[in-house]
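This report describes the strand pairing, nonpolar cores, surface and salt bridges of the protein chain shown below.

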Amino acid sequence: MQHSLFDRIYLAFLAILIISFGFLILFISYFAKRSLISERIETLSNEAQLIAKQSLTSYLEGKINEDDMAGFMDYYSDMLKADIWYVDNSGNIIAKSNRKTTEKKPPYQTSGSSTETTEAASESAYAGINADIPENIYKISESYQLDESFSLVGDFYGVFNTDVISVNMPVNYFKDTESPSEPAGALILHASTTQINDTMNDIMSFSLIPCLVIIVIAFSFIAIISRKIIRPIKHLSNVARDYSEGNFDVETGIKSKNEIGQLADSMEYMAGELSKLEQYRHDFVSNISHDFRSPLTSIKGYVQAILDGTIPPEKQERYLNIVLDETQRLTKLTQGLLDLNHLEIYGPYLKMSDFDFIEVVKSTLNTFEIKCIDKGLAIYLNNHAENTIVTADQTKIQQVIYNLIDNAIKFTPSGKRIHVSIYETNDKLYVAVQDEGIGMSEDTQRRIWTRFYKGDSSRGKDKQGTGLGLAITKEVIKAHNETIEVSSVEGQGSKFVFTLTKAKQDQPSHTGQTEILISNKPTSQ
């Protein structure tokens, strides 16, 4: 059975909650039990000292006998709900309590009390105690330390059938106030862990109910939140299915600003771009057909006119030159297509070297001198970098500069200027080509890197362009692991900025140099 995303989230949260609360309960139980055991040990230790002072001293001084001592132990045993043993220095168990749970009486101070305590001697303090307790503590454990204060939790060397808390408290006896204390054995108190276990069960019961309530409340909130998340995801899934079927007019209807809303906006943007795909294909076919048909039509017309005698022999050379120009145009277009396909599929073959970028820019700009003079444009070179030596493929970077300047000249009206600016940051050289032309819309800025794309403004003004220059430019920059960006405002011009990596060497500084390489005033040349 395949579970939905909602089911998986629900089950995951269920597992997390159960594991978390289980760990929390175990953690609380463990430390609560340790605390209760520590508190019980401390209580037994304090009571053992009290018993030693109030009862054992009288026994050691001979004021009471063993039976009376046993009576005292029964009394304290009932009070403490614990078995009490008195062991002498030789390890002999002199007296032990036989606690009765039905009545609680103080021990009699006379020897007649021994009759009643003797009648109770057959009763064991715990149902879990073994019937035959050795008369000497060393028969229970040969390594038992009477003269040390310590506590144990367990069956006390197999004496008990259940776990007990055992406390060993050494006893010291003072014959008189002037004599030093003498060891007088030890008191051993055994308290059952049943009460602690009952307390722990109560804690578990009290903890379980709030945990269950919290889990139920948490699951209610999880269900609400999950449905709020899953519902828009399911809706986006249905919208994506519509997009896959070619229906790009469907809107997500999600206007939130969270991650789901951002995903919805991205899907709508994707649908908008996909809806333009057919138009892109149509434009591609239209552009390439136009670019091939126009020169072929010219070639065919002029050759036909020469053959049928429409063009006289004395004018044939002129028209043959036109045919040659059109042929070169076709060759350029075809070569551009081949170069772009090679760049996109295999990437360019780069011949990396170190060269002075300033010199490349100047030599490239010189090729546009006649065109700029004819159109009345001025080109300014502004260098703000101290080191203009870069590591790149000189031929392909020159092609990038050529394409960007050529593009700027096409879209810049007569009398305006073009600025080529160079500046540096750390190990990068930034090159900006900015014109004062017609600018571009945001949609055009996204599409200019597409092969054969031409803005409407260039279609009527410059039919010699192939629409491949910027596409090739971007591929070359991409192959160098550099970046190229465009910013433009309609009516105010465009600015292309790309980066180059500086070489690891110094060169003479050109900082602050501003040169007018080409003037829009022919008379000044």
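## Strand pairing around E5

Strand E1 (residues 82–87) pairs with strand E5 in the antiparallel sense, over 6 bridges; two strands count as paired if DSSP finds at least two bridges between them. Within this pairing, isoleucine 84 has leucine 189 of E5 as its bridge partner. Strand E4 (residues 164–173) also runs antiparallel to E5, and 9 bridges join the two. Here asparagine 172 stands opposite proline 183 in E5.

Strand E5 (residues 182–192) is largely enclosed by the rest of the structure, because 9 of its 11 residues are buried. Buried means under 20% relative accessible area, exposed over 50%, and partly exposed in between (1.4 Å probe, protein chains only).

## Basis of the model

This is a predicted model, in which local features need pLDDT of at least 70 and side-chain atom pairs count only at pLDDT 80 or more, while totals for chains, interfaces and linings use all residues. Residues are numbered from 1 along each chain as its sequence is written, and side-chain values use heavy atoms, with hydrogens and water left out.

## Overall composition

The protein chain has 14 helices and 13 strands; these are DSSP runs numbered from the N terminus, with helices (H or I) of at least four residues and strands (E) of at least two. Of its 525 residues, 40% count as buried. Among contacts (heavy atoms within 4.5 Å) with a separation of 6 or more, 71% are between residues 24 or more positions apart.

## Nonpolar cores

The largest nonpolar core has 39 residues, of which Phe357, Ile405, Phe498 and Leu500 touch the most other members. Such a core is a set of buried Ala, Val, Leu, Ile, Met, Phe, Trp, Tyr and Cys residues joined through side-chain atoms within 4.5 Å. Elements that each supply at least two residues include helix H9 (357–366), strand E9 (417–425) and strand E12 (493–501). Helix H11 gives the largest share, 7 residues.

Phenylalanine 357 touches, among others, Ile397, Ile422, Phe498 and Leu500, not counting residues up to four places away in sequence. A second, separate core of 30 residues includes Ala32, Met73, Tyr76 and Met200.

## Nonpolar surface patch

A nonpolar surface patch of about 730 Å² includes Ile209, Val213, Phe221 and Ile233. Patches of this kind join nonpolar side chains (Val, Leu, Ile, Met, Phe, Trp, Tyr) within 5 Å, using residues with over 30% relative accessible area and no salt bridge; areas come from the Shrake-Rupley method with a 1.4 Å probe, and for residues only the protein chains shown count as cover. Valine 213 lies in helix H5 (residues 194–244) and, at 44% relative accessibility, is partly exposed.

## Salt bridges

A salt bridge is a side-chain nitrogen of Lys or Arg within 4 Å of a carboxyl oxygen of Asp or Glu, and the count by this rule is 6. Aspartate 406 forms one with lysine 371, their closest N and O atoms being 3.3 Å apart. This pair links helix H11 to helix H10 (residues 369–375), across 35 residues. Aspartate 406 is buried at 15% relative accessible area, whereas lysine 371 is partly exposed at 40%. Lys371, Asp406 and Lys410 are linked in a network of salt bridges.

Glutamate 482 and lysine 428 form another salt bridge, with closest N and O atoms 2.9 Å apart. The two residues are 54 residues apart, glutamate 482 in the loop between H14 and strand E11 (484–489) and lysine 428 in strand E10. Glutamate 482 is buried at 11% relative accessibility, while lysine 428 is partly exposed at 22%.

Terms used. Patches are made of residues with over 30% relative accessible area and no salt bridge: like charges are joined within 9 Å, nonpolar side chains (Val, Leu, Ile, Met, Phe, Trp, Tyr) within 5 Å.
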